[in-house]
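This briefing covers a helix pair and a sheet, with the residues that join them. Look at the structure first, then read the points below.

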Amino acid sequence: AEWDRFVAEFRGYRYDQVHGEYYPYDQVLQDSFDRVCRRWGIASVPGAGKRFADGVRSWGPHPDVIAPLKEMGEHFDLVILSNGDDSILAESVPRLEAEFHAVLTAEQAGYYKPRYAAFEHMLDQLDAEPDDFVHVSSHTRYDLLPMHDMGFRNLVLLDRGYDPVPPGYGIVTVRSLDELNTMLGIG
């Protein structure tokens, strides 16, 4: 009966856990799970973080992503900045079936998003400025809000219901990449 609340709190602890320097994602998940279990007064499960990370490794893309992403890649250099480890992206990127200009991870940056250092790593690696991007994310807290504060202005929320959309940030909201492609004049 309390599952939805437990999951929401686990999600909050995961967000809190990535505000320090980088350490392996499965341990981030374990530490977050341990913390929420402690808060709930229940025993944590050793190895849960690895099982959660293995679950992430098994995910495929949303069914509405592959074709429009490939189409977008014919017109723009696609870049991934992920909170996943290199090993997770090595498995998940090929499933997207698109050509990527760069795939950057928290492991490479030494920081997780929403830390500014993760975005600074992306800018440094690409020799780019915030105005060079149209950044698409399904997370306002991890990506769009800190990016706005860093001067990024072409921010798009692919709204999958994960985060609320705060007013005043100039975030464009779309329901699909097909919708975004149409807005960009390529759909």
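Two strands count as paired if DSSP finds at least two bridges between them. The model is predicted. Its three-stranded open sheet runs in the order S3-S4-S5, with parallel pairing.

**Sheet**
- Strands of a sheet pair through backbone hydrogen bonds, in either a parallel or an antiparallel sense.
- Strand S3 (135-137) and strand S5 (172-174) are the edge strands.
- Each edge strand has a single partner strand, so one side of each lacks a neighbour in the sheet.
- From one strand to the next, the twist averages 25°.
- Three bridges link S3 to strand S4 (residues 155-158), in the parallel sense.
- His135 sits opposite Leu155 in S4.

**Helix on the sheet**
- Helix H8 lies across S3 and S4.
- H8 runs at about 165° to S4.

**Helix pair**
- Helix H7 spans residues 116-126, and helix H8 spans residues 140-149.
- The two helices pack at an angle of about 75°, and their axes are 10 Å apart.
- That angle makes H7 roughly perpendicular to H8, because angles of 65 to 115 degrees fall in that class.
- On the H7 side, the contact uses Tyr116, Phe119 and Met122.
- On the H8 side, Tyr142, Asp143, Pro146, Met147 and Asp149 meet them.
- By class, the contact of H7 with H8 has six nonpolar residues, two charged residues and no polar ones.

Notes: Residues numbered from 1 in each chain as written. Predicted model: local features only at pLDDT ≥ 70, side-chain atom pairs only at ≥ 80, totals over all residues. Heavy atoms only, no water. Axes fitted to C-alpha atoms, helices over the stretch in contact; angles between N-to-C directions. Helix = DSSP H or I, 4+ residues; strand = E, 2+ residues; numbered from the N terminus. Parallel < 35°, antiparallel > 145°, perpendicular 65-115°, else oblique. Contact = heavy atoms within 4.5 Å. Nonpolar A, V, L, I, M, F, W, Y, C, P; charged D, E, K, R; others polar.
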